[in-house]
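Subject: Structure for your review

Dear colleague,

Please find below the structure that I am handing over to you. My findings follow it, arranged by topic.

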Amino acid sequence: MAVPFETISSLAKQLDAGYVSARELVEDAIARTERLNPELNAVIALDKPGAIAAAEKADKARATGATSPLLGVPMLHKDIFCTHGVQTSCASRMLADFVPPYDATVVKKLNDAGMVSLGKCNMDEFAMGSSNETSFFGAVKNPWDLNRVPGGSSGGSAAAVAAGLTPMATGTDTGGSIRQPAAFCGITGLKPTYGRVSRYGMIAFASSMDQAGPMARTAEDCALVLNAMAGHDPLDSTSADMSVPDYSAGLEQSIEGLRVGIPKEFFSSHLNDGVAATVSAAIKELEAAGAVIVDVSLPSTDLGVSTYYVIAPAEASANLSRYDGVRYGYRCDSPSDLQDLYLRSRTEGFGEEVKRRILIGTFTLSAASYDQYFMKAQQVRRLIAEEYQSVLKDVDVIAGPSAPSTAFVLNDGSKSITDMYMEDVFTIGANLAGLPAISVPVGLVDGLPVGMQLIGSRFGEAQLLNIAHQFQIRTDWHSLTPDLEGLTG
Amino acid sequence: MTDAATVRDVAALARLTISDQDIENATAEFNQTLALFDALSTADTTDVAPMINPLDSAQRLRTDRIETLVDRAGLMQNAPASEEDYFLVPRVLD
């Protein structure tokens, strides 16, 4: 883009005023992506003809009087959303050649709003990871430091927005996969309430927690996009049959008197000192804006990690049983019989982290282990959800760090599998309880972005966006951008 | 602790193969993950109902009417092997 770090709100004004056309925005975005992406690896499919055609359509619509804040604005999709005629791989060898014959509801709704899809973003394979290192297409690099991870699983989406390839990318969040990469890359990312956004056409990982959301520079932009994404979908039986408010309407409301709960467990030994100080300063900023800070407790925070890593792999093992090499997806060469076809297609088609989780999930769902692990985890899940609900009776929102640290280095061999799982300790609770949560940039530690997470009551997205917007009016952390001028690709 | 034989059995249930070279490491990782789950036993879940869905909502049923959402030809284009409208797999019956 000629103005690579512009917000959607700003681009919409420029488009309306005729200062720039949708086609020009798309051409600039493609040129910037072709220059920077060889190093970043944030984008794994560019749909140039489709993007230019959609941009021309948007320009024609605007010329005939159509207007919408999203009309002609470029976007990228996490490669977990089915896009008609465009590769949808979920960053897996299993789906490397899969071309869906239909659009996900999220994709359709954003297309209908006039947004222009540039292509697809890299991600952790089947959304299983917190570093974007499990992708079949290779790791994504963090635009703030190319030796570090962008977070995951929506790491490509976060890196693409942070690098100014697009003003918005879609993401999905099963255990923190929008919020943690948003925090690591210095952007704003919203995980809506479970059921707020349709899951139709979104490749399933853990169906009782998966939820799609926007990743953008500002809360104001996230509100604009959520207006278009949200709503009941008869094609998703778990989507909530509730009206969608105008998320932009309440952004300017004062947060005077707002009660913000700070769980002591979010400032535990897991938390890096620099992140703790930065998030504490951001909480003080909310207080200065009139919020009332309240100490609260979520004693089962640590148990959330165990609970999540039983439930998510169990659901994944069932969801991923559909990949058998028969109807679509990877098939091994010259199978000797049907069993050989199943075994080798799955063993060769899935990556190591995906197979690890399928194994654990298969084990915890087996008859001998079901009560000890799966049933127990579902019971603990209720205890955790009730803790959140109890706290949210006393406060309006819960605030804390989005992640225990800033972005860690790529290929960090010192982290064990369970160390990696602990990265999700602060984000998992909102998924287990189905609550909305947003991550906003609140500062830098050693040149790396830090995110603050706000968790709200069910269907309380408007309030989260209001608070985040009020924070962003008072601060400029969301306006900081990484220096990428040395990158030539 | 789970042994290598059990891990192999689980892999077979999941239609995955673990090589002889990888089984030791896979078993160690498996046990490392199970150890993380030990914490669950500390929670008192007496009389606590399992939470299957975060909204505790029941499955909604739609009207029992056939709807065609996707074109068959588009779906068949992704088939690794097909003939006419059928997916091809290795012969099952001799």
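Predicted model: local features only at pLDDT ≥ 70, side-chain atom pairs only at ≥ 80, totals over all residues.

Overall form of chain A

The secondary structure of chain A consists of 15 helices and 11 strands. Its radius of gyration is 21 Å, close to the 23 Å given by the globule rule for 489 residues, so chain A is as compact as a globular protein of that length. The C-alpha trace of chain A extends over about 65 × 55 × 45 Å along its principal axes. Of the 489 residues in chain A, 63% are buried. Among the contacts in chain A with a separation of 6 or more, 77% are between residues 24 or more positions apart.

The buried residues include A:Gly155, A:Ser157, A:Val161 and A:Ala162. After α5(A) comes A:Gly164, with a positive phi near 75 degrees.

The loop between β3 (116-121) and α5 of chain A contains A:Ser153. The peptide bond leading from A:Gly152 to A:Ser153 is cis, and its omega is near 10 degrees. A:Ala127 also lies in the loop between β3 and α5 of chain A. Although A:Ala127 is not a glycine, its phi is positive, at about 65 degrees. A residue is buried if 20 or more other C-beta atoms lie within 10 Å of its own; A:Ala127 has 30 C-beta neighbours inside 10 Å and therefore counts as buried. A:Asn132 is likewise placed in the loop between β3 and α5 of chain A. Its phi is positive, about 60 degrees, although A:Asn132 is not a glycine. With 35 C-beta neighbours inside 10 Å, A:Asn132 counts as buried.

Strand β10 and its partners

Strand β10 of chain A, residues 437-445, is mostly covered, with 7 of its 9 residues buried. Strand β5 of chain A (residues 188-191) pairs with β10(A) in the antiparallel sense over 3 bridges. Within this part of the model, A:Lys191 has A:Ala437 in β10(A) as its bridge partner. Strand β11 of chain A (residues 448-455) runs antiparallel to β10(A), and 8 bridges join the two. Opposite A:Ser439 stands A:Gln453 in β11(A). The hairpin of β10(A) and β11(A) has 2 residues between the strands, and A:Asp446 in this hairpin takes a positive phi near 50 degrees.

Helix α12(A) has 25 residues and reaches 36 Å from its first C-alpha to its last, close to the 36 Å expected at 1.5 Å a residue. A kink of about 30 degrees in α12(A) is centred on A:Lys376.

The contact between the chains takes 55 residues from chain A and 39 residues from chain B. On the side of chain A that touches chain B, at least two residues each are supplied by α9 (301-319), α10 (338-349), α11 (352-365), α12 (370-394) and α13 (417-422). The most is given by α12(A), with 11 residues. By class, this side of chain A has 30 nonpolar, 15 polar and 10 charged residues.

Yours sincerely

How values were computed
Residues numbered from 1 in each chain as written. Chains lettered and ligands numbered in written order. Buried ≥ 20, exposed ≤ 12 C-beta atoms within 10 Å, placed from the backbone. Helix = DSSP H or I, 4+ residues; strand = E, 2+ residues; numbered from the N terminus. Contact = placed C-beta atoms within 7 Å. Nonpolar A, V, L, I, M, F, W, Y, C, P; charged D, E, K, R; others polar. Rg over C-alpha atoms; globule rule 2.2 N^0.38 Å. Pairing = 2+ DSSP bridges. Expected span 1.5 Å × (residues − 1). Bend = angle between axes of the 7 residues up to and from the residue.
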